[in-house]
Amino acid sequence: MSKGPQRRQSTEVRRTQIADAARTVAVRYGSEHVTVRRIAKEIGVSEGALYRHFKSKHDILSLMVERTQEDLVADIKEGAAGQTPLGILESALRNHISSMEQRKGVSFQVIAEIISLGDKKLNRQASEALDKYAGHIRDLISEGIEAGEMRKDIDPEEAATLITAAIQGLVSRWALSNYSFNLEQEYESVWGILRGAIVSRRKGKA
């Protein structure tokens, strides 16, 4: 009786391990070098073992993007409860940058590597991941406008796109520099500029 659920759990754990290994390979070697052989070697199993869980490399990459999206959204959703929309947004972004530093910016790097492959289906999936991430930021900005914390003359969609692009650009620059500067310190400088552009003057003086 207990073998069924246990087997399903084991399968899900293995699929997660495979997707995580694919992310590691993508960041370490570049997306063009993500092969079933490299992924199998990364987790110490045979290529045949991977095909017991996935039909193709494309399916592995698809789950890799799905897991990356979950990480991005989870980082944004972890704003402290009980705060104002601006406070939640600031806490969420700071938490996101902190987790990025711990994971060496892997989420945005995976998105960039997927885009470089030129696969239309995967590109669409990567685009949806970024859209969902930006959507949570947009919602917080909309709430901030309604609460009078943020400027009423800004467009939440455009502001969210700007913030997403700024963070993605910052993390990419950090990764390209071989992580040579303190990401959290640099983020505080960037956020100071972005905050000044979206926060209402009344709130800014408070």
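Reader: Where do I start? How many helices and strands are there in the protein chain?

Author: Start with the overall make-up. This is a predicted model. The protein chain has ten helices and zero strands. Along the sequence the pattern reads α-α-α-α-α-α-α-α-α-α. The C-alpha atoms fill a box of roughly 60 × 45 × 30 Å along the principal axes.

Reader: What share of the contacts comes from residues 24 or more positions apart?

Author: Take the contacts with a separation of 6 or more. Residues 24 or more positions apart account for 65% of them in the protein chain. Sequence and space can also part ways. R124 and I198 are 74 residues apart in sequence, and their C-alpha atoms are 29 Å apart in space. R124 lies in helix α7. At 47% relative accessibility, R124 is partly exposed.

Reader: How do I read the inside? What percentage of the 206 residues is buried?

Author: Begin with a general idea. In soluble globular proteins, nonpolar side chains tend to be buried together. Now the case here. Buried residues make up 40% of the 206 residues in the protein chain. The largest nonpolar core has 55 residues. Those with the most contacts inside this core are L89, L93, I137, I141, I163, W191 and I198.

Reader: Which helices supply at least two residues of this core?

Author: Eight are listed: α1 (3–29), α2 (36–43), α4 (57–77), α5 (85–102), α6 (106–117), α7 (120–146), α8 (156–176) and α9 (183–198). Among them, α7 gives the most, with nine residues.

Reader: Take I137 as a case. Which residues is I137 in contact with, leaving aside neighbours within four places in sequence?

Author: I137 is in contact with I76, L89, L93, A160, I163 and T164. Three of those names, L89, L93 and I163, also stand among the residues with the most contacts inside the core.

Reader: How do I read a single helix? How far does α4 reach from its first C-alpha to its last?

Author: Check the span against the expected one. α4 has 21 residues and reaches 30 Å, close to the 30 Å expected at 1.5 Å a residue. Then look at which way the side chains point. An α-helix has 3.6 residues a turn, so residues three or four places apart point the same way. In α4, the buried residues are I60, L61, L63, M64, V65, R67, T68, Q69, L72, V73, D75 and I76. Follow I60, M64 and T68 down the helix: these are among the buried ones.

Reader: What about rings? How many aromatic pairs does the structure hold?

Author: Look at the distance between ring centres, then at the angle between planes. The structure holds one aromatic pair. The rings of W174 and Y179 have centres 4.7 Å apart and planes at 70°, so the pair is edge-to-face, as the angle is over 60 degrees.

Reader: Are W174 and Y179 buried or exposed, or what lies in between?

Author: W174 is buried, at 2% relative accessibility. Y179 is partly exposed, with a relative accessible area of 25%.

Reader: Which charged end sits over a ring?

Author: The charged end of R38 sits over the ring of Y29. The distance from the ring centre is 4.2 Å.

Reader: And charges that pair? How many salt bridges does a search of the whole structure find?

Author: Twelve salt bridges are found. For each one, ask how close the atoms come and where the partners lie. One of them joins E42 and R28, with the closest N and O atoms 3.0 Å apart. E42 is in helix α2 and R28 in helix α1, 14 residues apart. Both partners are partly exposed: E42 has a relative accessible area of 32%, and R28 stands at 47%.

Reader: Which parts does the E47 and R37 pair tie together?

Author: E47 lies in helix α3 (residues 47–51) and R37 in helix α2, so the pair ties together parts ten residues apart in sequence. The closest N and O atoms are 3.5 Å apart. E47 is partly exposed at 34%, whereas R37 is exposed at 63%.

Reader: Show me one more. How far apart are the closest N and O atoms of D153 and R151?

Author: They are 2.9 Å apart in this salt bridge. D153 is exposed, at 58% relative accessibility. R151 is partly exposed, at 31%.

Reader: Which residues do salt bridges with shared partners join into one network?

Author: E12, R67 and E70. R67 is also one of the buried residues of α4.

Methods. Residues are numbered from 1 along each chain as its sequence is written. This is a predicted model: local features need pLDDT of at least 70, side-chain atom pairs count only at pLDDT 80 or more; totals for chains, interfaces and linings use all residues. Side-chain values use heavy atoms; hydrogens and water are left out. A nonpolar core is a set of buried Ala, Val, Leu, Ile, Met, Phe, Trp, Tyr and Cys residues joined through side-chain atoms within 4.5 Å. Buried means under 20% relative accessible area, exposed over 50%, partly exposed in between (1.4 Å probe, protein chains only). Helices (H or I, at least four residues) and strands (E, at least two) are DSSP runs, numbered from the N terminus. Contact means heavy atoms within 4.5 Å. Rings of Phe, Tyr and Trp (its six-membered ring) pair if their centres lie within 6.5 Å; planes under 30 degrees apart count as stacked, over 60 as edge-to-face and the rest as tilted. A charge sits over a ring if NZ of Lys or CZ of Arg is within 6 Å of the ring centre and within 35 degrees of the ring normal. A salt bridge is a side-chain nitrogen of Lys or Arg within 4 Å of a carboxyl oxygen of Asp or Glu. The expected span of a helix is 1.5 Å times one less than its number of residues.
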